[in-house]
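Q: I am new to this structure. Could we go through it feature by feature, with the general idea before each case?

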Amino acid sequence: MRLLKSLCLVGGVVAAGCATSSPKHGELSALSVAASEDAAFCEHRVPQENCTRCHPELIPRFKEARDWCGEHGVPESQCFLCHPDLSFEPLPVLAPGADLKKLSQAGEDVPELESHAVPGKVTVFDFYADWCPPCRKVDAHMFGLLNARGDVAYRKLNVVAWDSPLAKRHLAQVENLPYLVVYGKDGKLVRAVPGLNLEALDAAIKEGASR
Ligand SMILES: [Zn+2]
Ligand SMILES: [Zn+2]
């Protein structure tokens with residue numbers, strides 16, 4: 001996997017570290033995510049049960065998963081120096097019937113989006129990657145929305161890397177993840193929402209619902 005685009009824009013702030021392929025850096029795994037919503041956080045701002053500074057015996061488990069920041073000596077998924085916007089909250093549980101599908105599991109091409117827009121619903125296409133912490137925040141937001149209303153469909157596309165067939169087709173002009181594309185109830189494009197901007201996403205969904 002070639003080096004990912006080296007900077008990641010989060011809410012207009014440039015955050016280093018969305019690129020995880022340099023040798024000193026590992027991959028962001030889900031090992032640091034809390035098991036339950038009321039998990040206690042330690043002084044390191046990590047769910048205590050998963051913190052390798054509180055529990056050094058956990059280190060091998062993270063290294064095995066390649067989730068290790070060699071530069072800072074903590075799991076990549078606990079390194080606030082590399083990822084200031086880490087999020088550990090477990091995702092809301094999806095209600096049965098929530099309209100979520102994965103269109104691309106591992107970067108495989110999806111030639112166009114329009115035919116996947118669901119008639120009568122606002123369809124949100126989410127280009128994301130597992131190494132992208134802000135993408136988890138989009139999930140948390142969207143899961144809440146899917147649980148609250150039946151007229152929204154969520155279609156996830158796992159980019160994996162910037163040179164995957166999926167990224168080459170859809171993200172050539174895109175500088176950072178997440179990248180969302182919203183279609184209205186009429187099945188037509190509303191607009192793309194680049195980066196983590198939940199207000200802009202909500203505005204696009206609102207517009208899509210009024211069509
Ligand atoms: Zn700790
Ligand atoms: Zn680091």
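**Reading the chain**

A: Along the sequence, the protein chain follows the pattern β-β-α-β-β-α-β-α-β-β-α, with helices (H or I, at least four residues) and strands (E, at least two) taken as DSSP runs and numbered from the N terminus. That gives four helices and seven strands. Residues are numbered from 1 along each chain as its sequence is written, while chains are lettered from A and ligands numbered from 1 in the order in which they are written. This is a predicted model, in which local features need pLDDT of at least 70, side-chain atom pairs count only at pLDDT 80 or more, and totals for chains, interfaces and linings use all residues.

Q: What is the mean pLDDT of the protein chain?

A: pLDDT is the predictor's confidence in each residue, from 0 to 100. The mean for the protein chain is 86, and 89% of its residues reach 70 or more. Over residues 1-21 pLDDT stays under 50, and the model has 46 contacts beyond four places in sequence for them; a contact means that the C-beta atoms of two residues, placed from the backbone, lie within 7 Å.

Q: Which residues of strand E4 are buried?

A: A residue is buried if 20 or more other C-beta atoms lie within 10 Å of its own, exposed if 12 or fewer, and partly exposed in between, with C-beta atoms placed from the backbone. In a regular strand the side chains alternate between the two faces of the sheet. In E4, Val122, Val124, Asp126 and Tyr128 on one side are buried, and so are Thr123, Phe125 and Phe127 on the other. Strand E4 (residues 122-128) is therefore largely enclosed by the rest of the structure, as seven of its seven residues are buried. In the whole protein chain, buried residues make up 36% of the 211 residues.

Q: How many bridges join E4 to strand E5, and how many to E6?

A: Two strands pair if DSSP finds at least two bridges between them. E4 is joined to E5 (residues 152-158) by seven bridges, and the two run parallel; Tyr128 stands opposite Asn158 in E5. Five bridges join E4 to E6, and this pair is antiparallel. There Thr123 has Tyr183 as its bridge partner. E6 (residues 179-183) is also joined by five bridges to E7 (residues 189-194), again antiparallel, with Tyr179 opposite Pro194 in E7. The hairpin of E6 and E7 has five residues between the strands, and Gly187 takes a positive phi near 80° in it.

Q: Which unit do E4, H2 and E5 make?

A: A crossover is right-handed if, with the strands pointing away from the viewer, the path from the first strand over the helix to the second runs clockwise. E4, H2 and E5 make a right-handed β-α-β unit. Helix H2 (residues 133-148) has 16 residues and reaches 24 Å from first C-alpha to last, close to the 22 Å expected; the expected span is 1.5 Å times one less than the number of residues. The buried residues of H2 are Pro133, Pro134, Cys135, Arg136, Val138, Met142 and Leu146.

Q: Which residues touch the most other members of the largest nonpolar core?

A: A nonpolar core is a set of buried Ala, Val, Leu, Ile, Met, Phe, Trp, Tyr and Cys residues joined through C-beta atoms within 7 Å. Of the 34 residues in the largest one, Val124, Tyr128, Ala129, Val159, Leu177, Leu180 and Val182 touch the most other members. The elements that give two or more residues to this core are E4, H2, E5, helix H3 (165-170), E6, E7 and helix H4 (198-209). Apart from it lies another core of six residues, among them Trp68, Cys69, Val74 and Cys82.

Q: Where are Val160 and Pro178 found?

A: Val160 is in the loop between E5 and H3. Its phi is near 65°, a positive value in a residue other than glycine. Val160 counts as buried because it has 21 C-beta neighbours inside 10 Å. Pro178 is in the loop between H3 and E6, and the peptide bond from Leu177 to Pro178 is cis, with omega near 0°.

Q: Is Arg45 buried or exposed?

A: Arg45 is exposed because 11 other C-beta atoms lie within 10 Å. Arg45 lies in the loop between E2 and H1 and has a positive phi near 65°.
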